[in-house]
Amino acid sequence: MKTAPIAVFDSGVGGISVLKELLALMPNENYLYFGDSANAPYGEKSTEEVRTLTLKAAEMFFARGAKALVVACNTATSAAIHILRETYPDKIIIGI
């Protein structure tokens, strides 16, 4: 039986290094990864745009059954981590 996945989100491919470490630390977990390279770089976007993109990604992950979300993007973390935690209080949400 597969367990609910841990989701990893970044604005591009940099979060793959975070996913690599998670795989090394917790190899028996299932993972989902989304690098939003279509909208990168997030650092050039307004805070509201970053929040919207981040919340959209989180919604997608949780709709797919993710039990936790790792936001591996500094810009997304600073812009949206508090809103993510308020929106999904029953989920584990980690910002980097």
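Are F62 and Y88 buried or exposed? Both are buried, where buried means under 20% relative accessible area and exposed over 50%, with partly exposed in between (1.4 Å probe, protein chains only).

## Basis

This is a predicted model: local features need pLDDT of at least 70, side-chain atom pairs count only at pLDDT 80 or more, and totals for chains, interfaces and linings use all residues. Residues are numbered from 1 along each chain as its sequence is written, and side-chain values use heavy atoms, with hydrogens and water left out.

## Strands 1 and 2

Helices (H or I, at least four residues) and strands (E, at least two) are DSSP runs, numbered from the N terminus. Strand 1 and strand 2 pair in the parallel sense, over five bridges. Pairing requires that DSSP finds at least two bridges between two strands. V8 stands opposite Y33 in strand 2.

From strand 1 the chain passes through helix 1 to strand 2, a right-handed β-α-β crossover. Right-handed means that, with the strands pointing away from the viewer, the path from the first strand over the helix to the second runs clockwise.

## Helix 1

Helix 1 spans residues 16-25, and its buried residues are V18, L19 and L22. Seen down the helix axis, these buried residues fall within an arc of 100°, so they line one face of helix 1. The arc is taken from the directions from the helix axis to the C-beta atoms.

The buried residues of helix 1 pack against strand 1 (6-10), strand 2 (31-35) and strand 3 (68-71). Contact here means heavy atoms within 4.5 Å. K20 and A24 are exposed, on the other side of helix 1.

## Aromatic pairs

Rings of Phe, Tyr and Trp (its six-membered ring) pair if their centres lie within 6.5 Å; planes under 30 degrees apart count as stacked, over 60 as edge-to-face and the rest as tilted. The count by this rule is three aromatic pairs. F9 and Y42 form a tilted pair, 6.2 Å centre to centre with 55° between the planes. F9 lies in strand 1 and Y42 in the loop between strand 2 and helix 2 (47-63), so the pair ties together parts 33 residues apart in sequence. F9 is buried, at a relative accessible area of 1%. Y42 is buried too, with a relative accessible area of 1%.

F62 and Y88 form a tilted pair, 4.5 Å centre to centre with 50° between the planes. This pair links distant parts of the chain: F62 sits in helix 2, Y88 in the loop between helix 3 (74-87) and strand 4 (92-95), 26 residues apart. Ring pairs also link F9, F34 and Y42 into a cluster.
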